[in-house]
Amino acid sequence: MWCAVSSRCIVGPYFFEENGVTVTVNGHRYLKMLNTFFYPELCRRCIPFNSVWFQQDGITAHITKPIIAELQRKFENKLISRNSTFRWAPRAPYLTAPDFFMGICQA
């Protein structure tokens, strides 16, 4: 499951499924979600990419070279991630907002 939380809105949740079956997130599936779900949703909400700071955790699917290259292309100098030019402290409490929010919604 993936979601984006900002002061403007919440995008998601997005469930990683294929043929109705939950699947493991890998780089290919993560990139597909960005291209088919997240980017179109930003456009639908009239949120320009250059106004977004994109922050993510450091799981392997999020930090592969193709993913980081794609996110840097879309968000230029506004990508906060492992393997990007703008790094964030590991286990920073600011990264737990989506996890906390989704935990409350599922309870």
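Helix α1 bends by about 40° at Leu 34, where the bend at a residue is the angle between axes fitted to the seven residues ending there and the seven starting there. This is a predicted model, in which local features need pLDDT of at least 70 and side-chain atom pairs count only at pLDDT 80 or more, while totals for chains, interfaces and linings use all residues. Residues are numbered from 1 along each chain as its sequence is written, and side-chain values use heavy atoms, with hydrogens and water left out.

**The chain as a whole**

- The chain has four helices and six strands, and here helices (H or I, at least four residues) and strands (E, at least two) are DSSP runs, numbered from the N terminus.
- Read along the sequence, these elements follow the pattern β-β-β-β-α-β-α-α-β-α.
- Of the 107 residues in the chain, 33% are buried, a word that stands for under 20% relative accessible area, whereas exposed stands for over 50% and partly exposed for what lies in between (1.4 Å probe, protein chains only).
- Among contacts (heavy atoms within 4.5 Å) between residues at least 6 apart in sequence, 52% join residues at least 24 apart.

**Helix α1**

- Helix α1 covers residues 27-44, which makes 18 residues, and it reaches 24 Å from its first C-alpha to its last, close to the 26 Å expected at 1.5 Å a residue; the expected span is 1.5 Å times one less than the number of residues.
- At the start of α1, a side-chain oxygen of Asn 26 comes to within 3.1 Å of the backbone nitrogen of His 28, and after the helix comes Cys 46, whose phi is positive, near 55°.
- The buried residues of α1 are Gly 27, Tyr 30, Met 33, Leu 34, Phe 38, Tyr 39, Glu 41 and Leu 42, and they pack against β1 (2-5), β2 (10-14), β5 (54-55), α2 (60-63) and α3 (65-75).

**Helix α3**

- In α3, the residues Ile 67, Ile 68, Glu 70, Leu 71 and Phe 75 are buried.
- Seen down the axis of α3, these buried residues fall within an arc of 160°, so they line one face of the helix; the arc is that of the directions from the helix axis to the C-beta atoms.
- The face turned away from that buried side carries the exposed residues Lys 65, Pro 66 and Arg 73, while the cover over the buried residues of α3 includes α1, β5, α2 and β6 (79-80).
- Just after α3, Glu 76 takes a positive phi of about 45°.

**His 62 in helix α2**

- His 62 is found in helix α2, and it counts as buried because its relative accessibility is 8%.
- Leaving aside neighbours within four places in sequence, His 62 is in contact with Tyr 30, Gln 56, Asp 57, Ile 67 and Ile 68.

- Strands β1 and β2 run antiparallel and are joined by three bridges, and a hairpin joins β1 to β2 through four residues.
- Trp 2 has Tyr 14, in β2, as its bridge partner.
- Val 11 lies in strand β2, and it counts as buried because its relative accessibility is 3%.
- Leaving aside neighbours within four places in sequence, Val 11 is in contact with Trp 2, Cys 3, Ala 4, Phe 37, Phe 38, Glu 41 and Arg 45.
- Val 11 and Leu 42 are 31 residues apart in sequence and 8.4 Å apart in space, C-alpha to C-alpha.

Terms used
A polar contact is a pair of N or O atoms within 3.5 Å; within protein, one must be able to donate a hydrogen and the other to accept it, and residues adjacent in sequence count only if both atoms are side-chain atoms. Two strands pair if DSSP finds at least two bridges between them.
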